[in-house]
Amino acid sequence: MTRSKRAGFAALGLALIAVPAIAQVDFSGEWAPRFYEDQMERVPGPELGDYLGMPINPAARMRADTWSASMMTLPEWQCRPHSADYIWRGPSNLRISKEVDPVTREVTAFHAEWLRSVDRAIYLDGRPHPPAEAPYTWAGFTTAKWDGDVLTTTVTHLKEGYMRRNGVARSEKATLAEHWIRHGNWLTVMTVVTDPVYLTEPFVRTTDYELDLHQQIPPYPCEVVREIERGKGTVPTILPGKNPFLNEFADRYGVPFEATRGGAETMYPEYRKKMKGVIGKRPPQVGGGA
Amino acid sequence: MKKFLMFTTVAVAGAIGWATLSFAQTPTPQLKVFPVRRNVYVLSGAGGNITLSVGPDGILMVDTGLANMSDKVIAAVNDLAETVATKGLSGENVAPPHPIRFIINTHVHPDHIGGNAKLALSGKTFTGGNVSRNLNEGAQIYAHENVLNAMAAMKPPAPFEAQPTDTYHTEYMNLSHFFNGEGVQIFFMPAAHTDGDSMVFFRGSDVLATGDIFTPGRYPIVDLAHGGSINGLIEALNRILEIAVPEFRLEGGTYIVPGHGRVTDSADVAYYRDMTTIIRDRIQDAIKRGLTLDQIKAAKLTMDYDGIYGATSGIWTTDQFIEAVYKSLTQKN
Amino acid sequence: MKLEIFRRTAPVVAIAAVLMLAAPGRVAAQGRGGGGPPRNAKDVAPIDLTGYWVALITEDWRYRMMTPAPGDFPNVPVTAEARKIALAWDPAKDEAAGNQCLPYGAGGITRMTGRLHITWQDDTTLKVEADTGTQTRLFHFGAVPASEEGTLQGAAKANWEFAGGRGPQAGETARGGDLNVVITKAKPAYLQRNGVPYSANAVITEHYDLVKEADGVQYLIVTTLIEDPMYLARPWQRSTHFRKQADAAGWDPTPCALR
């Protein structure tokens, strides 16, 4: 090869090597949820009547007030997984894997699967969402795009679910957006739920996971059995105005009952003025530690 | 003939896989065809949902939509049949598809039987020998005998061509032979939406067409005048849950085509069953406490579900639903 | 001869030149800067954090909107030493000693209810004011003044993290990124109102990310990772979210309070 050709190819090679990568982050890995926020609500479970900080409307309040936990014993619900918006908060380990296009070598999808749940595909390949007639699922249908190093998702076709595991429902008319952020070994996801049926404002939460190289997520076969003998077609419910448990949370934790009823007002700093001077109570089962 | 059928399937995450196929036709703004599974499709926009089995044996329709949509439905069904026969490829040299051979009515309402006459006449029954009647003219129409009785009792009676050619009065009937590779069963659901409700189960495709027993997106219509009842309707919803088998984690598996609205599965029916049962129980409790109908309406016992199912105008309002449940629970016998 | 060389290499060099122009990060990566004055932190900011931000208290409500009971800290992986201190917490004693502001230190301030007002104090210092507790935090992209060591907000060293790992060159706009702040040498204080401590040796690492919804609403997500072997059994991270406000509505400077 002549000197001139070598110089030319060197210049070309230098240019190609130095082309910057598209802003992307690898979210794949084994992620362990960290319950450093709302530990009691997310792990053992929320108390009945705890709607603190939720921008719910009267319809949502009524739906939650009349919810009976015994509903979960029905065969139709025993094996129901948390839906895409709630599962980030639940006590389940997460595995994220990725699909890579063999030709372009681009990541075309992430797959998020939690313990006790279904595979949830997050498509980055520009495909459209299904038509309105398509079935709805627990995971919904998700497409995503990059905003710098943040992955922003749009989720449609979500089955009805819940925003908290004490009966605060989330309707199938809701939309969900997420923002996935990774800093080192920490994954932070913001979920924004907008529900015209049950919320007066978007409900925003941020949840953290830590990379766990040794995590193994086992299968979780769920078998539907007859848990409770009850009359055919019985659906457990509490009649409106007849829930005897709604004051328990407020009494146990020393929270003013009015605050436990939730509503957008309880989300904003101004509400602190109503809480000034209030020191909570600590039930025996609530402790502190790792 | 201008083809106006848009035929589209889209991939969905999880255990449910949908192939992506779309090819250009001139779309009708009102009618849409959505593939459910294997040979089963749903055509929407002609009134109630029309479930179709389309394949080498011909076409079986569950319901026929509104009368004034019949021409469009016929065109859409024929286009679908041709698309299926040619696999969507133009220039394919295949035999013309077999026509509409069977119509099954889920119940007597005009948005489900309105197209009976035209659709049946556009079809054909293959028979011969000494079989009576002009069975080589038009498709057979199956329904529960209460549908025939109701159509005959209309003032004026429904046209002869629209009336069922075959009825049943037992708990169920099966088509006497496979159709497009699978067994087809018809289940009678007494005193539900009406007194002549049938659900049609495509056993191989695992698809259940329910008629207006199940209508996600609105409160169930209990047609008291036609023998419907809230308890019978709840019983029917529970029966759907007995038939349906989810694939994994309570989703997918048996697909349920409702009378109106999107394709669903057993979890969607379970939510609907829960809502209907809970509201029934609330109204029953209110009746026991001696509340009048007006007081029950004022008590807003459905408020937590109104945002999903309720309406203040249109063909079925929340008040009408409450009234129907009240009357169903208080009527003698 | 020279002319002949030019003719043969010209096409290759031309291609290389086009690619170089299309690869904005390359020049900097190779260490060959373009012309112009050095760019400061404000100039190269990949995101605009300035403005008023309101906290949305949708998580840890009992710990943020009110004072949790002594001993109520299941969220915190404390060491035995920290547990002893936290269980002994007495708000009256702290108030008498003038310690009302201890929950508003660098380790706890983002969890307080309230609003933030973020501005540039100068081209290399971002100022974050919190109305609750009337706290001011200074994030230094340059040297951190020694006077800030030992204060409630500690010594905060900031730097931008650019999306894709490469910063913009002269004349370019960054393609996104976040603010990274490492705070050390803060005065020992509380992680939450009921006296759960962190030590002077705590290292607090924060990231400030901006996200925008389809309807234009902006959110600020602050992740706070605290490493404090004296009082925390393991690294401890929380994420806090704020919504952008159009103006200063609701800005309400309020003194520190333990209850």
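Which element gives the largest share of the lining of the largest pocket? I looked this up before anything else. The largest share comes from α6(B), with 5 residues.

**Ground rules**

I noted that this is a predicted model, in which local features need pLDDT of at least 70, side-chain atom pairs count only at pLDDT 80 or more, and totals for chains, interfaces and linings use all residues. Residues are numbered from 1 along each chain as its sequence is written, chains are lettered from A and ligands numbered from 1 in the order in which they are written, and side-chain values use heavy atoms, with hydrogens and water left out.

**Pockets**

I took a pocket as an open set of points on a 1 Å grid over the protein atoms alone, with protein on both sides within 12 Å along at least five of seven lines; a cavity is a set where a 1.4 Å probe fits but cannot get out, and lining residues have an atom within 4 Å of a point. Grid points are joined across faces, edges and corners, and a volume is the space filled by probe spheres set on the points.

The largest pocket has a volume of about 660 Å³. Its lining counts 37 residues, and A:W67, A:M72, A:W77, A:R80 and A:Y162 are the closest to its centre. Two or more residues of this lining come from each of β7 (161–164) of chain A and α6 and α8 of chain B. Helices (H or I, at least four residues) and strands (E, at least two) are DSSP runs numbered from the N terminus. By class I have 17 nonpolar, 9 polar and 11 charged residues in the lining of the largest pocket. Nonpolar means Ala, Val, Leu, Ile, Met, Phe, Trp, Tyr, Cys and Pro, charged means Asp, Glu, Lys and Arg, and the others, Gly among them, are polar.

The second largest pocket holds about 530 Å³. Of its 25 lining residues, A:L74, A:P75, A:E76, B:L241 and B:R273 lie nearest the centre. α5 (230–243) and α6 of chain B each supply at least two residues here, and α6(B) gives the most, with 4.

**Cavities**

I find 7 cavities of 30 Å³ or more. The largest cavity has a volume of about 110 Å³. Its lining includes A:K159, A:E160 and A:E172 from chain A, and B:R262, B:D268 and B:Y271 from chain B. α6(B) gives the most to this lining too, with 3 residues. The lining of the largest cavity splits into 6 nonpolar, 1 polar and 5 charged residues.

**Interface of chains A and B**

How many residues of chain A are in contact with chain B? I get 50, against 40 residues of chain B, where contact means heavy atoms within 4.5 Å. The two chains bury about 4,000 Å² between them, 61% of it on carbon and sulfur atoms. A:E76, A:E133 and A:P135 supply 16% of the area that chain A buries against chain B, more than any other three residues. Buried area is the accessible area (1.4 Å probe) that two parts lose on being put together, summed over both.

I count 7 salt bridges across the interface, each a side-chain nitrogen of Lys or Arg within 4 Å of a carboxyl oxygen of Asp or Glu. In one of them A:E133 pairs with B:K32, with the closest N and O atoms 2.9 Å apart.
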